Amino acid sequence: MSLLFTPYELAGRTVRNRLWVAPMCQYSAKDGMPNDWHHVHLAQFASGGAGVVIAEATAVVPEGRISPEDVGLWNDEQRDAWAPIVAAIRDRGAIPGVQLAHAGRKASTWSPFAGNRGSVPETEGGWTTVAPSAVAYEGFATPDALDDAGIERIVAAFAAAAVRAVAAGFEVLEVHAAHGYLLHQFLSPLSNLREDRYGGSLENRARLLLEIVEAVRAAAPDAALLVRFSASDWAEGGWDAEQTATVAAWAAQRGADFFDISSGGLVSHQRITTGPGYQVPLAAEVRRDGGVAVAAVGEITSGTQAEEILQSGAADVILAAREWLRDPHFALRAQVELGDSDEGLWPPQYERARPRTH
Ligand SMILES: Cc1cc2nc3c(=O)[nH]c(=O)nc-3n(C[C@H](O)[C@H](O)[C@H](O)COP(=O)(O)O)c2cc1C
């Protein structure tokens, strides 16, 4: 039996394996409402054997959407629209998760298939963005710096969205603190120029994230609580793995269960060299120095590669995104590739297609 298909204990629940689906924006919602596209898209990964399926960046307030077509959980109508989608994931044996998000200065941008780039003007459905400081992401509109009342509203919105997520049936809540979005903007000295208690020292830059972790934990005491970090800005003077490990340990003390280690997205002058497993060393460093459980993500595309990463001790779980789009039955394929026995992962409806390994 591989490690990849050994069940994983996550905050009091047993996940059937360690090959999970990373959040992926679909830019396909109207008014933040998930629809039939999201239903089919997410449920297919559960049929395909995923352990946890994490739904895309889901805005906690309308102005936190990356694009006007993002999904949300800022009202009860959205909660009710998520419920059958969440049930479809669970009915197919996976644990349903959602990424709670605020895009900050990278909100109000055109979706990748809108045929435009950069910020959406207000005349075309965009809005004024907010951030720790009035510093634009290169090429985007300049955000307003948040004041104390604005920060308090965002903490409350994360908590309210967490309550709705649990009511919709989600069991895993991932706080999005990566990819240059709002919480990452607070963490990184390249985007946070504040001189109040939310800027300057590491403690101050981490304050908003930690307040949100505490608020979400209090709002959803039984949920598994994940935080996604970008463990490097890939830019001089930016956020790095050492700071990530320290803040992950602080977040764990405040109730976070697990950490999803990605990288980049804060500044356009980042210098990343990608390749198979390129973010695995970051996950390993945060796991070792933070003393926390982590997922590795990024160009992990086969069962053998995923198993090697787990066997090396670099990570506890594998998250993948694009490989699931190429093959929504990635886990079924990986299980056959590793020569494991079925253990009920293949849906009986698909049994006639299962290659025999024994
Ligand atoms: C279509 C698409 C949408 C994505 N949307 C999100 C998102 O909503 N939130 C997020 O944290 N990452 C998002 N990502 C990043 C993925 O979660 C993942 O970290 C990245 O693609 C690297 O993993 P991969 O090489 O397995 O694709 C997205 C990636 C893709 C391809």
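Q: Quick one to start: is phenylalanine 113 buried or exposed?
A: Phenylalanine 113 counts as exposed, because it has 10 C-beta neighbours inside 10 Å; a residue is exposed if 12 or fewer other C-beta atoms lie within 10 Å of its own, buried if 20 or more do, and partly exposed in between, with C-beta atoms placed from the backbone. Please keep in mind that this is a predicted model, in which local features need pLDDT of at least 70 and side-chain atom pairs count only at pLDDT 80 or more, while totals for chains, interfaces and linings use all residues. Residues are numbered from 1 along each chain as its sequence is written.

Q: Where is the place of phenylalanine 113?
A: Phenylalanine 113 is in the loop between β5 and β6, where helices (H or I, at least four residues) and strands (E, at least two) are DSSP runs numbered from the N terminus. Its C-alpha is 8.5 Å from that of tyrosine 27, although the two are 86 residues apart in sequence.

Q: And serine 108, what's its phi near?
A: The phi of serine 108 is near 55 degrees, which is a positive value in a residue other than glycine. Most residues other than glycine have a negative phi. Serine 108 is also in the loop between β5 (95-101) and β6 (130-131), and it is buried because 27 other C-beta atoms lie within 10 Å.

Q: What about the phi of aspartate 31?
A: Aspartate 31, which is not a glycine either, has a positive phi of about 55 degrees. It is found in the loop between β3 and α1 (36-47), and it is exposed, because it has 12 other C-beta atoms within 10 Å.

Q: Switching topic, how many residues surround the ligand?
A: The ligand is surrounded by 20 residues, the closest being Ala22, Met24, Ala57, Ala321 and Arg322; a residue is near a molecule if its C-beta atom, placed from the backbone, lies within 6 Å of it. At least two residues of this shell come from β4 (52-59), and at least two from α9 (322-326).

Q: What does the shell look like by class?
A: The shell has 10 nonpolar, five polar and five charged residues. Here Ala, Val, Leu, Ile, Met, Phe, Trp, Tyr, Cys and Pro count as nonpolar, Asp, Glu, Lys and Arg as charged, and the others, Gly among them, as polar.

Q: Which residues of helix α8 are buried?
A: In α8, which runs over residues 303-311, Gly303, Ala306, Glu307 and Ile309 are buried. Seen down the axis of α8, these buried residues fall within an arc of 160 degrees, so they line one face of the helix; the arc is that of the directions from the helix axis to the C-beta atoms.

Q: What covers them?
A: The cover includes β3 (19-21), α7 (280-290), β11 (294-297), β12 (317-320) and α10 (330-337). After α8 comes glycine 313, whose phi is positive, near 85 degrees.

Q: At what angle do helix α3 and helix α5 pack?
A: Helix α3 (residues 148-168) and helix α5 (residues 202-219) pack at an angle of about 35 degrees, and their axes are 8 Å apart; axes are lines fitted to C-alpha atoms, for helices over the stretch in contact, and angles run from 0 to 180 degrees between N-to-C directions. The contact includes Phe158 and Val155 of α3 and Leu208 and Ile212 of α5, two residues being in contact if their C-beta atoms, placed from the backbone, lie within 7 Å. By class, the residues of this contact are 11 nonpolar, no polar and one charged.

Q: How far apart are the axes of α2 and α3?
A: The axes of α2 (residues 76-91) and α3 are 8 Å apart, at an angle of about 35 degrees. Among the residues making this contact are Trp82 and Arg79 of α2 and Arg164 of α3, and the contact has five nonpolar, no polar and three charged residues.

Q: Last one: where is the place of glutamate 174?
A: Glutamate 174 is in strand β8 (residues 172-177), and it counts as buried because it has 31 C-beta neighbours inside 10 Å. Leaving aside neighbours within four places in sequence, its contacts include Pro23, Ile54, Arg228 and Asp260.
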